[in-house]
Amino acid sequence: KPPAKERTFKELQADHDKNPGDLDTAAELAEADLNRKENGDARKLAQEVLDKNKTHPRASYVLSRLAHQAGDDKQALDLLEAALDKSDPDVKVLHALAKIYYDGMEFQKAAEVCDLGRKAEPYNSEWLEQLARVYAQIDAKDKQIAVLKDLVPTDADDIEHRKRLSQLLLDKEQYAEAEKYARQAIEIDIRDAEARDDLLQALRAQKKEAEAERLEKMLGK
């Protein structure tokens, strides 16, 4: 679903004054207060929301940020985990959880949260980038390949992920696909030595010797 139109601080304040029982508006206003460094107002509002709904995602997110600022990362994590609704997750809760899990080297949990984020925001390539990093940490090469195949079409100038993908495919002896992504990489930067080497390796593995020799001559190698 498309993201809701963000309200300004004045709009949030006016809507809250009109309907103080609207927990979503109160929680958004608490976040706006936090962003304005009005921490006392933010804490008061967010706590009032949690008193009525103990797992409200945005209010929990606000209080988790305040807990982190106070150095209580355990409380921050507890608040976020309690607020996570896997069937309809709040993306800010997901972002915060993903960072905590990744920084804490809990990569499997980070992958699960990022996958939820990817489903919640299918057109946000940031989730794919985070998943690629997580899968690299746990050496889940097949999953990393799948994510990178979805990621590289989102940025026509992304050479690094194309090189990483071609190298993973070479390791898997999937030479035709490795050739495809190595070609894309040298189309971005024909001077890149790694991309050149990947393409030559993919060609030779497929016994395309004549093409490899032509490429070497063209590149002046």
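Let's start with a helix pair: H3 and H4 cross in a left-handed way. Keep in mind as you look around that this is a predicted model.

**The H3 and H4 pair**

The two helices pack with their axes 9 Å apart, at an angle of about 135°. That angle makes H3 oblique to H4. On the H3 side, the contact is built from Asn-39, Ala-42, Arg-43, Ala-46, Gln-47, Val-49 and Leu-50, and these meet Ala-59, Ser-60, Val-62, Leu-63, Leu-66 and Gln-69 of H4.

**The nonpolar cores**

Val-62 turns up again in the largest nonpolar core, where Val-62, Leu-97 and Leu-165 have the most contacts inside the core. Setting aside residues up to four places away in sequence, Val-62 touches Ala-27, Ala-30, Glu-31, Leu-34, Ala-42 and Ala-46.

| Core | Number of residues | Residues included |
|---|---|---|
| Largest nonpolar core | 51 residues | Val-62, Leu-97 and Leu-165 among them |

**A look at Ala-83**

Beyond its neighbours within four places in sequence, Ala-83 is in contact with Thr-55, His-56, Pro-57 and Ser-60. The C-alpha atom of Ala-83 lies 8.2 Å from that of Arg-58, although 25 residues separate the two along the chain.

Methods. Residues are numbered from 1 along each chain as its sequence is written. This is a predicted model: local features need pLDDT of at least 70, side-chain atom pairs count only at pLDDT 80 or more; totals for chains, interfaces and linings use all residues. Side-chain values use heavy atoms; hydrogens and water are left out. Axes are lines fitted to C-alpha atoms, for helices over the stretch in contact, and angles run from 0 to 180 degrees between N-to-C directions. Helices (H or I, at least four residues) and strands (E, at least two) are DSSP runs, numbered from the N terminus. Angles under 35 degrees count as roughly parallel, over 145 as roughly antiparallel, 65 to 115 as roughly perpendicular and the rest as oblique. A crossing is left-handed if the near helix is turned anticlockwise from the far one by less than a right angle, and right-handed if clockwise. Contact means heavy atoms within 4.5 Å. A nonpolar core is a set of buried Ala, Val, Leu, Ile, Met, Phe, Trp, Tyr and Cys residues joined through side-chain atoms within 4.5 Å. Buried means under 20% relative accessible area, exposed over 50%, partly exposed in between (1.4 Å probe, protein chains only).
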